[in-house]
Amino acid sequence: PHPIVAIIGRPNVGKSTLFNRLVGKRLALVDNRPGVTRDRREGDASLLGLDFRIIDTAGYEDEDPDSLPGRMRRQTESAVQGADVALFMIDARTGLTPLDEEIARWLRAAETPVILVANKAEGRAGEAGMLDALSLGMGDPVALSAEHGEGVVELFEALRPLV
Ligand code: GDP
Ligand code: MG
């Protein structure tokens, strides 16, 4: 029974890209349109020899923006409840949004340990978002580029004591 790691975050931050990288297969759909992952997906992940079960969350088929927070909340809470660790992913390029702050509040209320991950941090475009992320009060974010495979060692070091 491997530990369970859930990737949490608003649409389009790169959750499925990280999931695919960790599982090593294209099991999750990556799309430029926000919210195209229709189901919660699970896979066996391996990160520098650390083995765990990874869960990719999403599932927003309707375009009604008013219903998004409620659906995200239910899905986030059920994934976090069953997980040993939550990877809370934000987009280092866009900075924090109100939805990020709302998800942070749900995660603070849960007992599951949270690792804050700032994705799309390749190059210099992510630097402002990294600073912004500190205001969440969830510690130093792990800077990651799921697309380019940067920050993998730092993610490993953050996960190792928790899984
Ligand atoms: P999700 O909705 O959170 O699952 O996000 P996706 O994994 O579907 O990615 C959304 C968009 O962000 C896609 O266009 C990805 O190619 C892009 N993306 C994902 N990771 C990175 C990254 O590390 N850097 C950049 N620049 N783009 C990324
Ligand atoms: Mg997705």
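Reply: Two strands are counted as paired here if DSSP finds at least two bridges between them, where strands (E, at least two residues) and helices (H or I, at least four residues) are DSSP runs numbered from the N terminus. This is a predicted model, in which local features need pLDDT of at least 70 and side-chain atom pairs count only at pLDDT 80 or more, while totals for chains, interfaces and linings use all residues. Residues are numbered from 1 along each chain as its sequence is written, and chains are lettered from A and ligands numbered from 1 in the order in which they are written.

On that basis, strand 1 (residues 4-8) pairs with strand 3 (residues 50-56) in the parallel sense over four bridges, and alanine 6 stands opposite isoleucine 55 of strand 3. The two strands belong to an open sheet of six strands, with mixed pairing and the order 2-3-1-4-5-6. Its edges are strand 2 (41-47) and strand 6 (142-143), each of which pairs on one side only.

Helix 1 (residues 15-23) packs on this sheet and touches strand 1, strand 2, strand 3, strand 4 (85-91) and strand 5 (114-119), a contact being two residues whose C-beta atoms, placed from the backbone, lie within 7 Å. The direction of helix 1 makes about 55° with that of strand 2, with axes fitted as lines to C-alpha atoms, for helices over the stretch in contact, and angles running from 0 to 180 degrees between N-to-C directions. Helix 4 (residues 127-134) also packs on the sheet, touching strand 4, strand 5 and strand 6, and its direction makes about 155° with that of strand 5.
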